[in-house]
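User: I would like to learn how to read a ligand site and aromatic pairs in a model. Please take the features in turn.

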Amino acid sequence: METVVSGIRSTGNLHLGNYYGAVQNFVKMQHEYNCYFFIADLHSLTTHPTPVNLHSSVKSVLVEYLAAGIDPDKATIYVQSDVPEIAELYLYMNMNAYVGELERSTSFKDKVRANPDNVNAGLLTYPVLMAADILIHHATKVPVGKDQEQHLEMARTFGNRFNRLYHTEYFKEPFAFNFSHNLIKIPGLDGKGKMGKSEGENNAVYLADAPEVIRKKVMRAVTDSGPTVENQQKPEEIQNLFDLLKVVSTQDTYDHFNNLYNTMQVRYGDLKKQLAEDMIIATEPIRERINAIAADTDYLHKVAQLGADKARESASKTLREVREIIGFRKF
Ligand code: TYM
């Protein structure tokens, strides 16, 4: 059976981008593959969370994984820092990742631009840690959103380079995966780019958001003054709203508003109201489970312990083999 690995950084609650880009695929994949889904708390250290925030963010992601339907008896769910073998593999992989290629990564350049005062080495080697996450379990499929495509390419590069260096075929090539065949990018509500945690308060809709919060955020979404000719191309902020409709609403609803737009009769207020209601319906089952799961600390403890044990079993086998390949021998 093919192995699947994916993770989400523990920097707060999950939003619709995380859900549709990644978690929804996790839930489906757990029935068909040998799955490892983790909470990337080591990755979150690049932004220096306080100990309290770190722990509460890890908890949120764990709770929301479970609320979304990941079953700890089917998939291995674990916290990245509970598996120290990942950090050791990261160290080895750093030896064949070159500074030049890391500096050229788009996400590194974006982060440098956004936070010029915090360009730490962990940020530069972020894709190496990601490669270690994936290679440690020999995953071939990695469910992620479009923004992670380049990181997957780097994971293949580092694994292949290791293989060449040691004349082995030890690491397999991992590829980004989405059930719809195309990797997706969920837009935010601010009229610009993708939905994200660091793109401002009103850009993202979270799985844990109450219905009235979702309504408020959607009603504030950026629009223009409306189409001026029939069948005109939609400007980015309008296209984004239609892209969101495509994800949470029925095809009929999408076609209805698309026809109104194309015949210059669209009323954005109506469109947004419908979009908000469909987002509320789509997230309702998850939202309802979040509080109950969060209150059950015994259960969370059991899930994390079981996951750490299973993940460490797989990871320590890889580490033993990697150390042997590299040439570490006991005297
Ligand atoms: P992160 O935490 O930024 O995002 C988690 C997952 O959500 C997807 N995603 C989106 N998909 C579509 N549209 C969006 N607007 C959107 N926003 C986020 C991301 O593509 C991702 O799949 N580096 C990773 C975490 C990670 C990882 C790994 C993933 C660490 N190690 C190993 C896979 C394998 C990250 O920061 O994702």
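The dialogue below covers the ligand and then the aromatic pairs.

Analyst: This is a predicted model, in which local features need pLDDT of at least 70, side-chain atom pairs count only at pLDDT 80 or more, and totals for chains, interfaces and linings use all residues. Residues are numbered from 1 along each chain as its sequence is written, and side-chain values use heavy atoms, with hydrogens and water left out.

User: How many residues surround the ligand?

Analyst: A residue is near a molecule if one of its heavy atoms lies within 4 Å of it. Here 26 residues surround the ligand, and the closest are Arg9, Tyr126, Asp133, Asp147 and Ile186.

User: Which classes make up the shell around the ligand?

Analyst: Ala, Val, Leu, Ile, Met, Phe, Trp, Tyr, Cys and Pro count as nonpolar, Asp, Glu, Lys and Arg as charged, and the others, Gly among them, as polar. The shell has 12 nonpolar, nine polar and five charged residues.

User: How many aromatic pairs does a search of the whole structure find?

Analyst: Rings of Phe, Tyr and Trp (its six-membered ring) pair if their centres lie within 6.5 Å; planes under 30 degrees apart count as stacked, over 60 as edge-to-face and the rest as tilted. The search finds 13 pairs. Phenylalanine 242 and tyrosine 254 have ring centres 5.8 Å apart and planes at 90 degrees, so this pair is edge-to-face.
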